[in-house]
Amino acid sequence: MKSITSQWYEVKVRYDKMTDDGTPKPITEQYVVDALTFTEAESIITEEMSVYISGEFNINGIKPASYKEIFFSDLNNDDRWFKAKLQFITFDEKTQKEKRSAVNYLVQAHTLPQAVKYIGDVMGQTMIDYVISNISETNILDVFQHNDLKSSKEPDDKPEYEENANA
């Protein structure tokens, strides 16, 4: 389980998908992209989707995600995305009252109970008191990380300088 904090954008892509009987059916799919701007998010999703979609597709919407951190699973069967709203509990010494601040996360898991477990695993490593105030499955199909895109395009590392023994 790894946690990545970044600027995330939710992107909706509409295209014609071929059904089993060979007729095209228009569908809209939602993805999440790690980008700095709307323009970069559009560029990344266009590049990524051009591999999977033959023909034309439209980007129906791009919006900044309500979460800044995503919990990624290392397991292949964790194929669903859950949006979790956590409330961090602090105690105000001056007013002698409990304060709660809400933070949203995106969690990759196979089931809802597994998503709750993953949240416990990550948050258990912190000293923060929290409660899960809401968790629900999303329609997100995949998340494209900036690091993955960047590393796949970078040339292999050059070998370090080796001294010539004859010199």
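Colleague: Hi! Is Ser73 buried or exposed?
Modeller: Hi! In this predicted model, Ser73 has 12% relative accessibility. Buried means under 20%, so Ser73 counts as buried.

Colleague: Thanks! Where does Ser73 sit in the chain?
Modeller: Look at the loop between E5 and E6, where you will find Ser73.

Colleague: And which residues does Ser73 touch?
Modeller: Leaving out residues up to four places away in sequence, Ser73 touches Met1, Asp78, Gln108 and Tyr118. With Asp78 there is a polar contact between the two side chains, at 2.3 Å. A polar atom of the Ser73 side chain also lies 3.0 Å from the backbone nitrogen of Leu75.

Colleague: You mentioned Tyr118. Which residues of H2 are buried?
Modeller: Tyr118 is one of them.

Colleague: Why would residues a few places apart point the same way?
Modeller: An α-helix has 3.6 residues a turn, so residues three or four places apart end up pointing the same way.

Colleague: Nice. What do the buried residues of H2 pack against?
Modeller: Four strands: E5 (69-72), E6 (80-92), E7 (97-109) and E8 (129-137).

Colleague: What about the length of H2, what span should it have?
Modeller: H2 covers residues 112-123, which is twelve residues, and at 1.5 Å a residue they should span 16 Å. The end C-alpha atoms are 17 Å apart, which agrees.

Colleague: And which residue caps the N-terminal end of H2?
Modeller: Thr111 does that, with a side-chain oxygen 3.2 Å from the backbone nitrogen of Gln114.

Colleague: Let's switch to the cores. Which residues of the largest nonpolar core touch the most other members?
Modeller: That core has 15 residues, and Val13, Val33, Ile45 and Met49 touch the most other members. Strand E2 (8-18), strand E3 (24-34) and helix H1 (38-52) each supply at least two residues of this core. There is also a second, separate core of 14 residues, and Leu86, Val107, Ala109 and Tyr118 are among them.

Colleague: So which residues does Val13 touch?
Modeller: Not counting residues up to four places away in sequence, Val13 touches Ile27, Thr28, Glu29, Tyr31, Ile45, Met49, Ile53, Phe57 and Asn58.

Colleague: Now strands! How many bridges are there between E2 and E3?
Modeller: Eleven, and the two strands pair in the antiparallel sense. One example is Tyr9, whose bridge partner in E3 is Val33. E2 and E3 form a hairpin with five residues between them, and Gly22 in the turn has a positive phi of about 90°.

Colleague: How many bridges join E2 to E4?
Modeller: Seven, and E2 and E4 (residues 57-64) run antiparallel. Tyr15 stands opposite Phe57 in E4.

Colleague: Back to phi. Which residue other than glycine has a positive value?
Modeller: Gln96 is one, with phi near 60°. You can find Gln96 in the loop between E6 and E7.

Colleague: Last topic, the whole chain. How many helices and strands does the chain have?
Modeller: There are three helices and nine strands. Starting at the N terminus, the order is β-β-β-α-β-β-β-β-α-β-β-α.

Colleague: And what share of the chain do buried residues make up?
Modeller: They make up 32% of the 167 residues. As for contacts with a separation of 6 or more, 66% are between residues 24 or more positions apart.

Notes: Residues are numbered from 1 along each chain as its sequence is written. This is a predicted model: local features need pLDDT of at least 70, side-chain atom pairs count only at pLDDT 80 or more; totals for chains, interfaces and linings use all residues. Side-chain values use heavy atoms; hydrogens and water are left out. The expected span of a helix is 1.5 Å times one less than its number of residues. Buried means under 20% relative accessible area, exposed over 50%, partly exposed in between (1.4 Å probe, protein chains only). Contact means heavy atoms within 4.5 Å. A polar contact is a pair of N or O atoms within 3.5 Å; within protein, one must be able to donate a hydrogen and the other to accept it, and residues adjacent in sequence count only if both atoms are side-chain atoms. A nonpolar core is a set of buried Ala, Val, Leu, Ile, Met, Phe, Trp, Tyr and Cys residues joined through side-chain atoms within 4.5 Å. Two strands pair if DSSP finds at least two bridges between them.
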